[in-house]
Amino acid sequence: MSGIVTLVGNPRAQSKTRAVAVEAAEAIGRHTGLAAEEVVDLSAIAPQLFSPGPSPGVEAALELVAGASVLVVASPTYKASYTGLLKAFLDRLPPNALSGTVALPLLVMGDPRHALAVELHLRPVLVELGATVPTPGLAVVEAELPDLADLLKRWAEQVAPQVTAATERR
């Protein structure tokens, strides 16, 4: 298993979601001692993800995600849920592919009314794939982005003990 892998389900390259997710992985890394190693940005493999044939890029991304010790799974909030791009990728993982993985769901949203989407929609699919999700998911409202460093510091301090405990049990 590798250290922290960041999975970004935004269809736009270099998105705010990616920036928030990478910073979140780095914050968790600082508080757990795990290395934030790789970023799987689905915008880079979206055309291959939806093609009927096999794709080496998609297969490599699936292996990287399934091999993560800690997986930060990030998406913008679309229609009060995560993106179809992220769903299409997660649907390619076999049952229990995330067994042994600690997953940290994260949604970036424009409206705080969608904050429960991280718990109601993203957490269940990660649990269904076998991941341990020991903490509440992180809902980041775009209005909070100017204070992102402070928000992530507080979040990482809160969840790091649970992440450490879950990874040590593995």
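Trainee: In what sense do β3 and β4 pair, and over how many bridges?
Mentor: β3 and β4 run parallel, with seven bridges between them (strands count as paired when DSSP finds at least two bridges). Helices (H or I, at least four residues) and strands (E, at least two) are DSSP runs, numbered from the N terminus. This is a predicted model, where local features need pLDDT of at least 70 and side-chain atom pairs pLDDT 80 or more, while totals for chains, interfaces and linings use all residues. Residues are numbered from 1 along each chain as its sequence is written, and side-chain values use heavy atoms, without hydrogens or water.

Trainee: Which residue in β4 is the bridge partner of A74?
Mentor: L106 in β4 partners A74. The chain gets from β3 to β4 through α4, in a right-handed β-α-β crossover (clockwise from first strand over helix to second, with the strands pointing away from the viewer).

Trainee: Why is β3 largely enclosed?
Mentor: Nine of the nine residues of β3 are buried, so the rest of the structure largely encloses β3 (buried is under 20% relative accessible area with a 1.4 Å probe, protein chains only).

Trainee: And how many residues of β1 are buried?
Mentor: Six of the seven, so β1 is also largely enclosed by the rest of the structure.

Trainee: What joins β1 to β3?
Mentor: Six bridges, with β1 and β3 running parallel. Within that pairing, V8 stands opposite A74, and L7 has V73 as its bridge partner in β3.

Trainee: Which residue in β2 does V8 stand opposite?
Mentor: D41 in β2. β2 covers residues 36-41 and is joined to β1 by five bridges, again in parallel.

Trainee: Change of topic. Which residues touch the most other members in the largest nonpolar core?
Mentor: L7, F89 and L126, out of 35 residues in that core (a core is a set of buried Ala, Val, Leu, Ile, Met, Phe, Trp, Tyr and Cys residues joined through side-chain atoms within 4.5 Å). Elements that each supply at least two residues of this core include β1 (2-8), β3 (68-76), α4 (84-90) and α5 (117-128).

Trainee: What is F89 in contact with, leaving aside its neighbours within four places in sequence?
Mentor: L7, L42, I45, L49, V58, A61, L62 and V65, where contact means heavy atoms within 4.5 Å.

Trainee: And which residues does the second core include?
Mentor: That separate core has 25 residues, among them V8, A74, V102 and V140.

Conventions
Buried means under 20% relative accessible area, exposed over 50%, partly exposed in between (1.4 Å probe, protein chains only).
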